[in-house]
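My notes follow in the order in which I looked.

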Amino acid sequence: MKNSFVSFTALLLGLSLLTACGLNFTGSSRKSEAETGAVSFMLVDNEGNPLSGSNANAVINTMEQWTGVKVNFQFVPNDQYNQKVSELLAKPSQLPMIMHINKVDQEFVAAMNAGLFWDLNEFIWDSSKYPNLSKANKSVCRSLEINGKLAGLYKARDIGRNGLGYRTDWAEKLGLGYPRTPEDIYNMMKAFTEQDPDGNGKNDTYGLALCSYTGPFDVIQTWFGCGNGWVEENGKIIPIHQTAAYKDALDWMRRMYEEKLIPQDWRERETKTWADQVRKGEAGIFIDVMDASRRIWDNFVNGKVPSVVDPSQTASMTLVGPINNATLATSGYNGFLVITKTAATREQVETCLHYLDKMCDDEMIILAAYGLKGTNYTIDSSGYLVPKNDKASGKAHSALNQTQCFIPKGLSAAKPSIRQGERKQKELDVIASNEKYAVFNPALSYLANSPTYAKKGSMLDNLISDARTQYICGEINEVGLQDAFDRWNKQGGTAVLAEVNEQYRADRQ
């Protein structure tokens, strides 16, 4: 890491010298960008020859008129993109002004520490200049901070996407109300398992659908207050397995296994069959992203699955967000955008940010998603957008969505909107209301900057995950669980804890 840091520093010095000589870009096209005020932008090519076709020029002209900024795009094929980023980080004089980054890793952290990217905390919170970007979620931004500096602008994804859905008709038949606590969920699982919710007279149902994917356990843990991966507690930051609440969560999950409220062979069940457990009437509760429960509901309606309460109606799902006022937050982003020091002055940085801010306006979100009014979509008498669904013409505009951070809102909230069905609208409403209850992992950026975690993080995470599964299934007891925690400490966890808290303390000073 030290050698990597030195090499990045040396390359940054070279970049500074080039900038001092007025050569912000290599080659005539890059020099032209600097002279004309154009912004250079590198993005992923997911479709082949993006921003092309008969309407591409009209789309680009619309974008440039709205933002007041000319952009020179470079698209790199998806399977080559990460390699291209690595090459550019080794040759910082060739970096574009803005580029997409897939994830925070050691290479990116080294580049940030070497000064290749601007600290966006210095800029984006000015609401007069950036009315959209200044509304960024600070918890999500915090996960992209390296040594207190905001390395990039996140491309927003729904924070409150996780939760659960349950068979509405099963609950109604058994007289069960809307669940709000873990005990409510336990009682619902028990009733779904033991009280014949489908009315067929057979002992063939259980409470919760599960498969080899253990994501539902992560959601359940937040209900007990132990946090998301790591948690702030008593002035420091610790992994959640070191909290008392974590043990409470595991005991609760162990009880649902012991009482056979979940399939006993869940570890052998493939993920592709997971939702089928609810679709086919085997289980009554599904814990995952909200859209998964909504798709099960869609299946009931499209397949005309009758309600067990009123066969003239179809079965349905009730979508639930927080339990005990908590649910698992997503990372809040799907990649992010950095502004490199190729934007050599604060004025150039502000031009880049102005462009990114304007691309979060409703008009630009609609342009990227649906194209041009009259050409790609119309507006109906109720004011809803009606797309023409011409996939071929979409190539002229769809790549522009990569330039958008979707701050403070995403496509579903942009106006004009398409008319949503009842089930989809319910999903969107629950996701939106979930956000204030979503529990973040406060250690994400610290872990990315931890040398020990870079080397041993996967092994350490798997050690805890495996011990959790073994404890839930009764294969180890409390002594065995503690033994796993002790091995986590000895095999690198103690070092990770120290490295994370060193950064955490520095940020709090």
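How many bridges join strand β9 to strand β10, and do they run parallel or antiparallel? I found four bridges between β9 (residues 230-233) and β10 (residues 236-239), and the two strands run antiparallel. I note that this is a predicted model, in which local features need pLDDT of at least 70, side-chain atom pairs count only at pLDDT 80 or more, and totals for chains, interfaces and linings use all residues. Residues are numbered from 1 along each chain as its sequence is written, and side-chain values use heavy atoms, with hydrogens and water left out.

Strands here are DSSP runs of E with at least two residues, helices are runs of H or I with at least four, and both are numbered from the N terminus; two strands pair if DSSP finds at least two bridges between them. I see Glu233 opposite Lys236 of β10, and two residues lie between the strands of this hairpin, where Asn234 in the turn has a positive phi of about 55 degrees.

**Open sheet.** I then traced four strands in the order β8-β11-β7-β12, with mixed pairing. β8 and β12 (317-320) are at the edges with a single partner strand each, so one side of each has no neighbour in the sheet. β7 and β12 pair in the antiparallel sense over four bridges, and Tyr166 stands opposite Thr318 of β12.

**Helix α8.** I looked next at α8 (residues 182-194), which lies across β7, β8 and β11 and runs at about 145 degrees to β8 (axes are lines fitted to C-alpha atoms, for helices over the stretch in contact, and angles run from 0 to 180 degrees between N-to-C directions). Its buried residues (under 20% relative accessible area, 1.4 Å probe, protein chains only) include Ile185, Tyr186, Met189 and Phe192. Among the elements that the buried residues of α8 pack against are α7 (168-173) and α10 (244-258). Just after α8, Asp196 takes a positive phi of about 50 degrees.

**Cores.** A nonpolar core is a set of buried Ala, Val, Leu, Ile, Met, Phe, Trp, Tyr and Cys residues joined through side-chain atoms within 4.5 Å. The largest has 71 residues, of which Met99, Leu133 and Leu353 touch the most other members. A second, separate core of 57 residues includes Met189 and Leu208.

**Cysteines.** I found zero disulfides, a disulfide being a pair of cysteine sulfur atoms within 2.5 Å. The sulfur of Cys226 is 18 Å from the closest cysteine sulfur, that of Cys473, which is too far for a bond. Cys360 is in no disulfide either, with the nearest cysteine sulfur, in Cys405, 5.1 Å away; at 2% relative accessibility, Cys360 counts as buried.

Notes. Buried means under 20% relative accessible area, exposed over 50%, partly exposed in between (1.4 Å probe, protein chains only). Contact means heavy atoms within 4.5 Å.
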